[in-house]
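Me: I am new to this structure. Please take me through it one feature at a time.

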Amino acid sequence: MKSIIITGASSGIGRVTAEHFLENGWRVGLIARRADALMDISHANAVPLPCDVTDEAAVDAAFDSFGHLDVLFNNAGMFGPQTTIDQISLADWRQVVDVNLTGMFLCARAAFRQMRGQNPQGGRIINNGSISAHSPREGSVCYTTTKHGVSGLTKTLSLDGRPFDIACGQIDIGNARTDLVKGLEKTRAAQGLDPLPSMAVEDVARAVFHMAALPPEANVQSMMIMATKMPHIGRG
């Protein structure tokens, strides 16, 4: 049975992706801070691993307890304050960096260690980037900066993992209908702006599954999936 750990698994993209992998016969480790939300995912192959991705000891313990690992979907993240840089406190900045970048580093490190040491050696890490890893949206300096950092992490892991049969790729997601996007839309509505095009979260889950299910000799280095009518492509 193939195995995957998914971070940020209690809601949004993480939860829907976890359910998709469970439906397709995978053993799924579920990482999130809210243990009660993880327990709601009732399935024989679901393994709740409640922890904070910014807690080094808790992350290492979660991965150690899970055992053999084929794939990590490094998904946990937060948006942070939606405003210009002069209105952002250092505490808010550090919180977003801790979750989106340090948390992703800690989980990738734990997965890499497990994949390097297991028999057979190897595995796959899929980092959740964002459209913001390429083009920012307004008022997203914390989020966008960390997502550019994720791209650097992905490329380095892809390079450093080669000798150990560890592949790494990144999925950049635009406007899936999660609570995060719904929150952004409330802000837009308050500003008198029209809703942005969006897509079903299930479409993202299928894309992640495609990346994860590839044979070891193949890797999707970078995938962008977004609502078809998003204004990402074009010029003003």
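Me: Does Phe 112 count as buried or exposed?

Reply: First, the ground rules. This is a predicted model, where local features need pLDDT of at least 70, side-chain atom pairs count only at pLDDT 80 or more, and totals for chains, interfaces and linings use all residues. Residues are numbered from 1 along each chain as its sequence is written, and side-chain values use heavy atoms, with hydrogens and water left out. Now the term: buried means under 20% relative accessible area, exposed over 50%, and partly exposed in between, with a 1.4 Å probe and protein chains only. Phe 112 has 13% relative accessibility, so Phe 112 counts as buried.

Me: Where is the place of Phe 112?

Reply: Helices (H or I, at least four residues) and strands (E, at least two) are DSSP runs, numbered from the N terminus. Phe 112 sits in helix H4.

Me: Which residues does Phe 112 touch, not counting residues up to four places away in sequence?

Reply: Contact means heavy atoms within 4.5 Å. By that rule, Phe 112 touches Ile 125, Leu 157, Asp 160, Gly 161, Phe 164 and Ile 166. Take Gly 161: this residue is 49 residues from Phe 112 along the chain, and their C-alpha atoms are separated by 7.8 Å.

Me: How many aromatic pairs does the structure hold?

Reply: A pair of aromatic rings is described by the distance of the centres and the angle of the planes. Rings of Phe, Tyr and Trp (its six-membered ring) pair if their centres lie within 6.5 Å; planes under 30 degrees apart count as stacked, over 60 as edge-to-face and the rest as tilted. The structure holds five such pairs. One of them joins Phe 21 and Trp 26: the ring centres are 4.9 Å apart and the planes stand at 85°, so this pair is edge-to-face.

Me: Are Phe 21 and Trp 26 buried or exposed?

Reply: Phe 21 is buried, with a relative accessible area of 0%. Trp 26 is buried too, with a relative accessible area of 5%. Phe 21 and Trp 26 form one aromatic cluster with Phe 209.

Me: What kind of aromatic pair do Phe 112 and Phe 164 form?

Reply: Phe 112 and Phe 164 are edge-to-face, with 6.0 Å centre to centre and 80° between the planes. Phe 112 lies in helix H4 and Phe 164 in the loop between helix H5 (141-160) and strand S6 (166-174), so the pair ties together parts that are 52 residues apart in sequence.

Me: Which residue lies over the face of Phe 66?

Reply: A charge sits over a ring if NZ of Lys or CZ of Arg is within 6 Å of the ring centre and within 35 degrees of the ring normal. Here Arg 27 lies over the face of Phe 66, at 4.1 Å from the ring centre.

Me: At what angle do helices H3 and H4 pack?

Reply: Axes are lines fitted to C-alpha atoms, for helices over the stretch in contact, and angles run from 0 to 180 degrees between N-to-C directions. Helix H3 (residues 56-66) and helix H4 (residues 90-117) pack at about 35°, and their axes are 9 Å apart.

Me: Which residues make that contact?

Reply: H3 brings Glu 56, Val 59, Asp 60 and Phe 63. H4 brings Leu 106, Cys 107, Arg 109, Ala 110, Ala 111, Arg 113 and Gln 114. For sorting them, Ala, Val, Leu, Ile, Met, Phe, Trp, Tyr, Cys and Pro count as nonpolar, Asp, Glu, Lys and Arg as charged, and the others, Gly among them, as polar. The contact of H3 with H4 has six nonpolar residues, one polar and four charged.

Me: Where does Ile 5 lie, and what is in contact with Ile 5?

Reply: Ile 5 lies in strand S1 (residues 3-7). Ile 5 is buried, with a relative accessible area of 0%. Leaving aside neighbours within four places in sequence, the contacts of Ile 5 include Phe 63, Phe 66 and Leu 69.

Me: What joins Asn 119 and Pro 120?

Reply: A cis peptide bond, with omega at about 0°. Pro 120 is in the loop between H4 and strand S5 (123-128).

Me: What is the phi of Asp 165 and of Asn 175?

Reply: Asp 165 has a positive phi of about 60° although it is not a glycine. Asp 165 lies in the loop between H5 and S6 and counts as exposed, at 55% relative accessibility. Asn 175 has a phi near 60°, a positive value in a residue other than glycine. Asn 175 is in the loop between S6 and helix H6 (179-190) and counts as buried, at 5% relative accessibility.
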